[in-house]
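Student: I have a new structure open and would like to go through it. Can we take it piece by piece?
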Amino acid sequence: MFINYEDEDRTFTLQTKASTYQMYVDPHGYLLHCYYGAKIEEQNLSYLIQQQDRGFAGNPPDAAGDRSLSPDTLPQEYSTFGVGDFRESCLDLHNFHGGIAADLRYVSHRIYKGKQKLQGLPATFGADSEVESLEIDMKDGVSEVVVSLQYSVFPDDDVITRSARIVNTVRKTVELSRALSMCLDYQIPAKRDVITFYGRHMGERNLERTPVRHGKIRVDSSRGASSPHQNPFLILCDHNADEIQGECFAFSLVYSGSFMAQVELDQIDQLRVVMGIEPDRFSWELTPGACFQTPEVICCYHSGGFDELSNQLHRFQRKHLMRGPYASRPCPILVNNWEATYFDFNTDKLLDLAQVAKEVGVEMLVLDDGWFGNRNDDTTSLGDWWVNTEKLPGGLTFLSEKLHEYGLKFGLWFEPEMVSPVSELMQIHPEWCLQIPERPGVTSRAQCVLNMGLSEVQNYLYDKMSEIIRGANLSYVKWDMNRSITDAYSWELPIHRQGEVWHRYILGVYALMDRILTEFPDLLIESCASGGGRYDAGMLYYSPQVWCSDNTDAIDRLKIQYGNSFGFPIKSVGSHVSVSPNHQTGRTVPFETRAVVAMSGSFGYEMDLTKLNQKERQIVREQILRFKDQRDVLQTGTYHRLTNAQTDRWFTAWMSVSQDRSRAIVNIVLLAPIPNAPILAIKLRGLNPDASYRDRSGNQYTGRALMKAGLVVPPLYGDYTAVQVELWQV
Ligand code: GLA
């Protein structure tokens, strides 16, 4: 049993391999948080909660004069607004007369093996032998709304997931104006830092570390997508934690819409972490009998630094979040025509590209934007999902048959959630677009957003997409989303329910993805949002590969992929070799370096391979063979950041070690050549200390020597040179 309830002292204890999470029901029915951290066996930890009269704190009616009983200072499992807790609330419940308050007290609980699906939402999963779940029903005695707090424990992965289901059990309608997924209160003060990941289009996932301070540190998105600007993933850690030491907690929201994540330090140094749907404009009507399911949060603990924390998350998400065969199967090595041709292509050009692709060992051709409607630039035709036979005579079927004759799979770009003002779809169904009455509306990249909450829209897209996937025998879809949501208004909802539009939108996206994957379970979806603008645990459920950034400059990618690796599996990183000078930065980077960087991801090419001379084609052939040989180590081995790619000036290094530790690949990229440079020795990680390893030149080292003394790197010379050192156990 990983979840234990002690009836006598009313404690719930959740145990993973290395962590313990405990809460208890106090005599008043409050569910109070006792502890989350390093494993402690068989101990009632409620002694850590010290109830004191804090002076002028609000007391509930049943305190009966006991001024030490106050939700304001007690560690809550799910905070609510209106009854005395003035820290961040998870639940703002508007009672039927309009007052905002909920006072949740324990009613009952259930513990069971396995884990239930979350209705309409992506969520982690596992077999009955791998996960155990707990649901605690908490009730507000006045409104009679019941909140079921959902916990699942994956003991082998040191992961606990949390979410909440809010049920209206009575005959009157109530309204939610916030419904977050999780509240976690650490009541014992400690010096901690919070790490978040900010960015921008073509510069995603920059790590920002800040000491926790009094008040609130909040990251969020109100763009309708998780966004490149902030990511719904954060790490809370010891002030002195680094890659190899220090206690750290990761929190990842399994959600792709607007979100908030916040760390708050209160007046008595208690720390609260909350995460969930962005509450500022959210509302949800709960009619009698209805329930609202919040997204899930993955909580992961490690006592020994970020390296292990990330590797735990990588393993966990590959096994318990990424659904479908590609979670464990290698994704095809692809060539994407975007940077090769942009909108300027036709069947002949694509077949020429395919022929060379096949010759050099590529496994799939992906036809990007521009194959449909009248789309010859980015100003028209989104929504008109029928093939442009002027560009592609014979249509997609002919192209697909040819590609399959060559032995290549076929992948296709869609941007299903959008509509161009200049399109047939917009002419026929202007009401399908998100638009506030009487307002002209905001366009972005000359496109508008479809109201994905409407079943008509979902049905239209499902019909169009499934027909094409079937007809063109697609193995892959690049699912793009290239703008933030404005004008969030739905004609089908009454005035007081317009706050539901954003969440209904993402539920609609999930429903469509689910339907498509149910019909085509072998289809690989690569999610994209102008690059990595929707790279979150929610998308990973449907899309085991995510286009990490529109910036394909290998030197910039070092930073982006470094930041991304803290929270997301290496296998999921969409990464391509593109031309040099690079289209986004104009930078010249050696071919080998571009390949080495792209190999720490899904790997593919995004360039016109027909322009390569014979020597370069041979290089590509060898790169692909090398990647196929290394793929398993790079994608499913442990991943170790050996330097800080975002602050390094001289070089960046990272390595991957196979699961059985018999093979390792060390990658080093020179950033700035130094003449007469110091000796460069890098301490490796993840090896078996007692094993011996040899490199290609026959040098032999013990794992211990490589980890304690380091690997000496040959002098590096030239702009952005890459060195890859492979090690095999002897
Ligand atoms: C976005 C994507 C690119 C490409 C273009 C096509 O920018 O991120 O990879 O697909 O759209 O318009």
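Student: Which side chain does His640 join in a polar contact of 2.8 Å?
Tutor: This is a predicted model, so keep that in mind throughout. The side chain of Asp307 is a partner of His640, in a polar contact of 2.8 Å. Thr638 also makes a polar contact with His640, side chain to side chain, at 2.8 Å.

Student: Where is His640 found, in which strand?
Tutor: His640 is in strand β32, residues 638-641.

Student: And is His640 buried or exposed?
Tutor: Its relative accessibility is 3%, so His640 counts as buried.

Student: New topic, the ligand. Which residues come nearest?
Tutor: There are 13 residues around the ligand, and Asp368, Asp369, Arg445, Lys478 and Asp550 come nearest.

Student: What is the distance from the side chain of Asp550 to an oxygen atom of the ligand?
Tutor: A polar side-chain atom of Asp550 lies 2.5 Å from a ligand oxygen. For Asp368, an N or O atom of the side chain is 2.6 Å from an oxygen atom of the ligand. For Trp413, the corresponding value is 3.1 Å.

Student: How much of the ligand does the protein bury?
Tutor: The protein buries 96% of the 300 Å² that the ligand exposes when taken alone.

Student: What is the shell around the ligand by class?
Tutor: Six charged, four nonpolar and three polar residues.

Student: Now the sheet. How many strands form the open sheet?
Tutor: Nine, with parallel pairing. The order is β29-β28-β27-β26-β23-β22-β21-β31-β30.

Student: Which strands stand at the edges?
Tutor: β29 (573-574) and β30 (577-578). Each has a single partner strand, so one side of each has no neighbour in the sheet.

Student: How many bridges join β23 to β26?
Tutor: Four bridges join β23 (residues 409-414) to β26 (residues 476-479), and the two run parallel.

Student: Helices next. How many residues has α7?
Tutor: Helix α7 has 19 residues, 501-519. From first C-alpha to last, α7 reaches 27 Å, close to the 27 Å expected at 1.5 Å a residue.

Student: Which residues in α7 are buried?
Tutor: Among them are Val501, Tyr505, Val509, Leu512, Met513 and Ile516.

Student: Last one: where does Gly276 lie?
Tutor: Gly276 lies in strand β17, residues 271-277. At 0% relative accessibility, Gly276 counts as buried. Phe259 is 17 residues away in sequence, yet the C-alpha atoms of Gly276 and Phe259 are 5.7 Å apart.

Methods: Residues numbered from 1 in each chain as written. Predicted model: local features only at pLDDT ≥ 70, side-chain atom pairs only at ≥ 80, totals over all residues. Heavy atoms only, no water. Expected span 1.5 Å × (residues − 1). Buried < 20%, exposed > 50% of the residue type's maximum accessible area, 1.4 Å probe, protein only. Pairing = 2+ DSSP bridges. Near = heavy atom within 4 Å. Polar contact = N/O pair within 3.5 Å; in protein donor to acceptor, adjacent residues only side chain to side chain. Areas by Shrake-Rupley, 256 points an atom, 1.4 Å probe, with all protein chains shown as cover. Nonpolar A, V, L, I, M, F, W, Y, C, P; charged D, E, K, R; others polar.
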